[in-house]
Amino acid sequence: MTASPVKPAPVPTAPGGLPLIGHAHHLARTPLPFITSLRDHGSVVRIRLGPTPAYVVTDPVLTRTVLVTEAAHFAKGGKIFDVLRGVFGDGLATVADGDTHLRNRRLMQPMFNKAHIATRGNAMIDQVRSMVGAWQEDQLRDVFADMNDVTLAAFLVALFGMDLPANLQREFTVLMPVITKGAIRQTLLPPWVTRLPLPANRSHTLWVARLRALIDQAIDHHSARSAGTPPATAHDPAEAAGCPHKAADNEEAGLFETLLAAGDQFTRRQLQDEAITLMNAAIETTATTLAWTLYELTQHPEIEQRLRAELAAVCSGRSLRQEDLDRLPYVRQVLQEAVRKYGPAWMVTRTVTRDIDLGGHHIPQGADIVWSPYLHQNDPAHFPEPATFDPDRWPPDRVPTTRDSLFAFGDGRRKCIGENFAWTEMQIILATVLQTWPRLRLVSRPPRPQTAITVKPDKLTISFGTS
């Protein structure tokens, strides 16, 4: 007798759903407690967003199945990505799976290898030191806003080079937070509302158009500069051979040179899409992590002092340099713990491309799968006492046993291409703030986590002093 195939178990439904709106009220009012509570109901839990079901994966092993081992059946998609694609275009983070994504990722990969990023390190350090050093002593600083400004400015130097005109830098810095806020608004509203001729929708469209115009100006500035560059000589075999990345190796250039050197591989619209996507990613995740890190230092003076001791031992009283970063393991550990504790992403989606069995549960074709770095990284089964900020979870001399539950940068073929850059930029900014300001003091009440695209602090005011 042939054994009957095992029938997939029904997916449990989360309690507390309401008619018409489903579980949307929980996601709007108490998103983090709600998303973390779902692990008590199973490894895959069904929720309703209005009338539409979605399936939340609470087991990190199954999330890795979605992102890595069975990734072909879980396409990048869902409401969040559909909205962001409409705002940012088909950049690497939002373009659909397929040949275009693979081709663009291969073309962009050289921008983000560690050696290439290192060529931009000292320019980024100079930019950050200039901005952080301009803060007034004991001034009450909105740290989340500051980290947005500093991370974007450092990224612009890395992306477009050291000679980007100041007026373009200023406009980029003003526009990007506004556009990010508009994008978050659109992810939270029904699609038909975002298509209405409302003032907020019209303004957002104009801001995105202006951002694209600024990127065009940055590209044209590069082209004009390149036109005045002396031709290659026989003494430079890489240039003589037409190496497409050689132009990006001089000190004035930026990471974006890699794409521009690819010639007709990208249309002007595609270049705009990639630049917008990269800048948005540079602000949101990095700034959020740094703001939470600085908050945690105000609560843990022993961690702050250990950081300062490491910086003093490595730098010996001089300013930070790019070559110092690999000798600052505790700086990296502190940042890893901030990434772990605060997500920073809290809800990410995929779309099922065919009926599939996930962890013994039947998931229908076309359904949205939800996974949450925040949920996994605050799971006590994998991170004991997850509310405790403990950088010693990440010792430099061994691979952490918790690595399979850390999803802050995703995993698999859609893993964030800018992870190496993010760690470099965060190390530079944290180290430079500590070198510049010997004293940090929390002025506001302790911040509450607030969900947008990332888990950001709702209010965070810190004063910086020299004594």
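Asp411 is buried in this predicted model. Its relative accessible area is 19%. The value lies just inside the class, because buried means under 20% relative accessible area. The side chain of Asp411 meets that of Arg64 in a salt bridge, with an N to O distance of 2.0 Å. This pair links distant parts of the chain. Arg64 belongs to helix H3 (residues 60-69). Asp411 sits in the loop between helix H17 (373-377) and helix H18 (419-436). The two residues are 347 residues apart.

A second salt bridge joins Arg439 and Asp138. Their closest N and O atoms are 2.6 Å apart. Arg439 is partly exposed, at a relative accessible area of 23%. Asp138 likewise counts as partly exposed, at 41% relative accessibility.

Glu304 and Arg308 form a salt bridge, and their closest N and O atoms are 3.0 Å apart. Both residues belong to helix H15 (residues 301-315). They are 4 residues apart there, so about one helical turn separates Glu304 from Arg308. Both Glu304 and Arg308 are buried. Elsewhere, salt bridges with shared partners join Arg212, Arg269 and Asp273 into one network. Side chains of opposite charge can pair when their charged atoms come close. The count of salt bridges in the model comes to 20.

The surface also carries a nonpolar patch, formed by Leu18, Leu20 and Ile21. Together these residues have about 290 Å² of accessible area. Leu20 is found in the segment before helix H1 (24-29). Leu20 counts as exposed because its relative accessibility is 73%, and exposed means over 50%.

The chain as a whole has 467 residues, of which 51% are buried. Its secondary structure comes to 18 helices and 12 strands. Among contacts with a separation of 6 or more, 74% involve residues 24 or more positions apart. The chain exposes about 20700 Å². Carbon and sulfur atoms supply 56% of that area.

Definitions and conventions: Residues are numbered from 1 along each chain as its sequence is written. This is a predicted model: local features need pLDDT of at least 70, side-chain atom pairs count only at pLDDT 80 or more; totals for chains, interfaces and linings use all residues. Side-chain values use heavy atoms; hydrogens and water are left out. Patches are made of residues with over 30% relative accessible area and no salt bridge: like charges are joined within 9 Å, nonpolar side chains (Val, Leu, Ile, Met, Phe, Trp, Tyr) within 5 Å. Accessible areas come from the Shrake-Rupley method with a 1.4 Å probe; for residues, only the protein chains shown count as cover. A salt bridge is a side-chain nitrogen of Lys or Arg within 4 Å of a carboxyl oxygen of Asp or Glu. Buried means under 20% relative accessible area, exposed over 50%, partly exposed in between (1.4 Å probe, protein chains only). Contact means heavy atoms within 4.5 Å.
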